[in-house]
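This briefing goes through one protein model, from the chain as a whole down to single backbone torsions. Please keep the sequence and the coordinates open while reading.

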Amino acid sequence: MSLFAQKDHSEHDAGEGRLAKLEMAFRLVTRRVAHTAVSSPIPRLRDELGRDFPRSASNTRLFCSAKDRYPAFRVDVTELFSRWLVAAGYRIDWLMVRGGAGPSDIVIASPRERTFVLGTESLRARLAGLRLIGIAAVAILRGKYDIVQARDRSLSSVLFLVLAKLAGRPFVYWMSFPMLEGTLERARDPREAIPAWRRLAMRAYVTVGRFVLYRIVLQAADHVFAQSARMKTALIQRGVAAERITPVPMAVSCDRFNPVTIAPTDDRRLDGRHVLLYMGMTVPGRRIDVIVRALGALVQKGHDAVLVLLGETRPTDRGTLLDIAREEAVADRLIFTGHLPLAQALGYVRRADICLSPCPPSPLLAVGTPTKLVEYLAMGRPVVANDHPDQREVLEASGAGLITDLSSEGFTDAIATLLSDRGAAEAMAMRGPPWIAAHRSYAKLAEEVSSVYSELVQVVR
């Protein structure tokens with residue numbers, strides 16, 4: 001069966017001849033590209049591409065153009081979509097740019113999910129990628145998808161908005177982060193090693209992108225998913241109707257983040273010491289210097305503590321943090337794990353006495369929902385976090401940690417409070433998993449997202 005084969009929805013019968021001509025013209029234009037790109041797997045996968053997803057009354061077919069690079073790693077993609085929504089019966093096609101070198105390709109993850117991967121390493125890969133975009137565009141026009149979605153895209157989201165409207169399908173925008181504002185912040189930051197011409201290009205992109213996204217795309221979208229309630233408020237202030245916005249915060253899959261099934265690490269460097277742990281990025285903007293200096297103050301107060309920095313650390317960031325640790329005379333108490341498989345990484349979280357979540361409440365990060373915080377709580381560990389909208393909301397609601405200001409003194413005092421009363425700290429820790437299961441599990445959020453999708457599809461039908 002061809003991907004362009006006639007669908008059995010009678011409302012799409014009209015115009016079938018025009019679309020068939022469009023398909024034929026597109027194939028003629030791209031035939032030479034396909035013939036030239038002999039090393040590309042696209043011609044070899046023509047049969048795979050032509051296989052339409054199985055149809056049933058319960059299947060909702062979603063097309064999503066995402067800014068995430070392939071292979072995706074963000075948990076709101078890999079867990080919420082690729083795991084929970086696929087398990088619920090959704091059939092998902094992704095469009096992503098390849099994160100590294102490689103050709104344009106169609107990657108079949110399962111009978112329910114595949115990715116149109118756009119290569120950028122050569123002209124041949126780019127031309128083959130354009131062919132994939134064209135094939136996806138015609139499929140949208142023919143009504144092959146029930147929902148068309150753009151994730152964190154700005155300028156290119158217009159294409160998929162127009163295609164969805166022409167096909168009579170709902171268009172959804174998913175905003176996981178204020179990407180345009182992030183680009184502008186980088187363009188203005190003198191610490192970024194960016195040439196002057198590129199800074200100007202970034203500013204121009206943001207100027208055009210803001211108009212396109214906020215004045216056109218979000219106003220015309222049938223629904224918008226936002227990262228948080230605070231982001232929803234910001235979008236309402238830009239004129240997006242409140243009833244068309246649903247916050248979907250970062251969450252966890254409770255079966256993966258389960259303290260019952262994860263054994264504490266047996267790393268001997270932690271034996272006999274209080275274990276403080278930070279999991280995540282260590283770039284300067286995350287203010288890891290605050291917790292390194294807090295470690296120094298705690299040791300001076302007589303606490304035999306170490307600080308585990310869990311995750312990948314760039315050499316320059318590692319050097320900077322070690323310099324700070326030497327100033328505080330705790331360089332030998334700083335433990336860098338590097339990237340670890342999830343189960344191994346969670347073994348360190350399970351072993352930690354206190355988990356730390358510094359998160360600067362900048363305009364960009366203030367609309368976010370820090371993932372590490374809910375991961376700590378799911379693993380049943382007490383937390384010290386600075387005052388940030390989502391962190392305050394989560395810890396006040398769950399009672400699983402302490403809030404302080406973003407200073408080494410503030411973190412020192414809060415950590416010392418928990419270390420001095422281990423019973424109270426463990427009582428806090430026990431409150432985390434049930435609260436996460438009730439409010440921040442991807443299984444639960446998948447039901448909420450699916451409910452919105454179902455309403456959109458029912459309105460169209």
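The model is predicted, not experimental. The protein chain holds 17 helices and 14 strands. Of its 461 residues, 54% are buried. Among contacts with a separation of 6 or more, 70% are between residues 24 or more positions apart.

**The six-stranded sheet**

- An open sheet is built from six strands in the order β11-β10-β9-β12-β13-β14, and the pairing is parallel.
- Its edge strands are β11 (334–338) and β14 (401–404), each of which pairs on one side only.
- On average, and with direction ignored, neighbouring strands of this sheet are turned by 25 degrees against each other.
- Within this order, β9 sits between β10 and β12. Strand β9 (residues 274–279) runs parallel to strand β12 (residues 354–357), and two bridges join them.
- Helix α11 lies across β10 (305–310) and β11, and it runs at about 165 degrees to β11. Strand β11 is also one of the edge strands.

**Strand β1 and its partners**

- Is strand β1 (residues 61–70) mostly covered or mostly open? It is mostly covered, with seven of its ten residues buried.
- Strand β1 pairs with strand β2 (residues 91–98) in the parallel sense, over seven bridges. In this pairing Phe63 stands opposite Asp93 of β2.
- Strand β1 also pairs with strand β5 (residues 147–151), again in the parallel sense, over five bridges. Here Ala66 stands opposite Arg151 of β5.

**Helix pair α10 and α11**

- Helix α10 (residues 288–300) packs with helix α11 (residues 315–327) at an angle of about 25 degrees, and the two axes are 9 Å apart.
- That angle makes α10 roughly parallel to α11, because angles under 35 degrees count as roughly parallel.
- The crossing of these two helices, α10 and α11, is right-handed.
- On the α10 side the contact is made by Ile288, Asp289, Val292 and Arg293; on the α11 side, by Leu321, Ile324, Ala325 and Glu327.
- The residues of the contact of α10 with α11 comprise five nonpolar, no polar and three charged ones.

**Helix pair α6 and α8**

- Helix α6 (residues 157–167) and helix α8 (residues 196–220) have axes that come within 10 Å of each other and cross at roughly 25 degrees.
- Helices α6 and α8 are therefore roughly parallel to each other.
- The crossing of α6 and α8 is left-handed, whereas that of α10 and α11 is right-handed.
- Ser157, Val158, Leu161 and Lys165 of α6 meet Val212, Ile216, Val217 and Ala220 of α8.
- By class, the residues of the contact of α6 with α8 divide into six nonpolar, one polar and one charged.

**Backbone details**

- Which peptide bond is cis, with omega near 0 degrees? That bond runs from Tyr70 to Pro71. Pro71 lies in the loop between β1 and α3 (75–78), and Tyr70 falls within the residue range of β1.
- Arg287 is not a glycine, yet its phi is positive, near 60 degrees. This residue, Arg287, is placed in the loop between β9 and α10.
- Arg287 has a relative accessible area of 31% and is therefore partly exposed, as values between 20% and 50% fall in that class.
- Ala329 likewise is not a glycine and has a positive phi, of about 60 degrees. Its place is in the loop between α11 and β11.
- Is Ala329 buried or exposed? Ala329 counts as exposed, because its relative accessibility is 60% and exposed means over 50%.

Key. Residues numbered from 1 in each chain as written. Predicted model: local features only at pLDDT ≥ 70, side-chain atom pairs only at ≥ 80, totals over all residues. Heavy atoms only, no water. Axes fitted to C-alpha atoms, helices over the stretch in contact; angles between N-to-C directions. Helix = DSSP H or I, 4+ residues; strand = E, 2+ residues; numbered from the N terminus. Parallel < 35°, antiparallel > 145°, perpendicular 65-115°, else oblique. Left-handed = near helix turned anticlockwise from the far one by under 90°. Contact = heavy atoms within 4.5 Å. Nonpolar A, V, L, I, M, F, W, Y, C, P; charged D, E, K, R; others polar. Buried < 20%, exposed > 50% of the residue type's maximum accessible area, 1.4 Å probe, protein only. Pairing = 2+ DSSP bridges.
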